[in-house]
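Subject: Structure handover

Hello,

Please find the structure below, followed by notes on what was found in it. Keep it open while you read.

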Amino acid sequence: MPYATTTDLTRFGLPSAALTGISSTTQEEAISAASSFADSYLRSRYTVPLTAYGDDLTQCVCALAAETLLTS
């Protein structure tokens with residue numbers, strides 16, 4: 001379960017112009033991978049996927065996804 005949406009990518013500071021030319025499918029795949037990465041850390045303490053979480057987790061997932069999208 002992804003902890004962010006493609007809309008969250010721009011909501012948390014990635015300029016929409018940076019995503020020009022990157023398909024929504026590719027963005028969703030990056031978010032999904034970042035969410036799985038977050039789960040790998042969370043599962044030692046919580047049952048994942050989390051059903052309730054704050055903007056802090058969404059922001060971290062977006063940062064990871066943005067790095068993947070901009071460096072690939």
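The protein chain has three helices and zero strands. Here helices (H or I, at least four residues) and strands (E, at least two) are DSSP runs, numbered from the N terminus. Read along the sequence, the pattern is α-α-α.

Some notes on the source come next. This is a predicted model, in which local features need pLDDT of at least 70 and side-chain atom pairs count only at pLDDT 80 or more, while totals for chains, interfaces and linings use all residues. Residues are numbered from 1 along each chain as its sequence is written, and side-chain values use heavy atoms, with hydrogens and water left out.

Overall form

The C-alpha trace of the protein chain spans about 35 × 20 × 15 Å along its principal axes. Of the 72 residues, 31% count as buried; buried means under 20% relative accessible area, exposed over 50%, and partly exposed in between (1.4 Å probe, protein chains only). Among contacts (heavy atoms within 4.5 Å) with a separation of 6 or more, 75% are between residues 24 or more positions apart.

The pair α2 and α3

How do the axes of α2 and α3 cross? The axes of helix α2 (residues 24-42) and helix α3 (residues 55-71) come within 8 Å and cross at roughly 125°. That makes α2 oblique to α3. Axes are lines fitted to C-alpha atoms, for helices over the stretch in contact, and angles run from 0 to 180 degrees between N-to-C directions. Angles under 35 degrees count as roughly parallel, over 145 as roughly antiparallel, 65 to 115 as roughly perpendicular and the rest as oblique.

On the α2 side, the residues in contact include Ala30, Ile31, Phe37 and Leu42, and on the α3 side they include Val61, Leu64 and Leu69.

Methionine 1 and proline 49

Methionine 1 lies in the segment before α1 (6-11). Leaving aside neighbours within four places in sequence, methionine 1 is in contact with Ser35, Pro49, Leu50 and Tyr53.

Proline 49 is in the loop between α2 and α3. Is the peptide bond from valine 48 to proline 49 cis or trans? That bond is cis, with omega near 5°. Most peptide bonds are trans.

Aspartate 55 is in helix α3. At 44% relative accessibility, aspartate 55 counts as partly exposed. Not counting residues up to four places away in sequence, aspartate 55 touches Arg11 and Phe12. Aspartate 55 and glycine 13 are 42 residues apart in sequence and 13 Å apart in space, C-alpha to C-alpha.

Isoleucine 22 is in the loop between α1 and α2. With residues up to four places away in sequence not counted, isoleucine 22 touches Gln27 and Leu69. The C-alpha atoms of isoleucine 22 and aspartate 55 are separated by 24 Å, and the residues are 33 apart along the chain.

Regards
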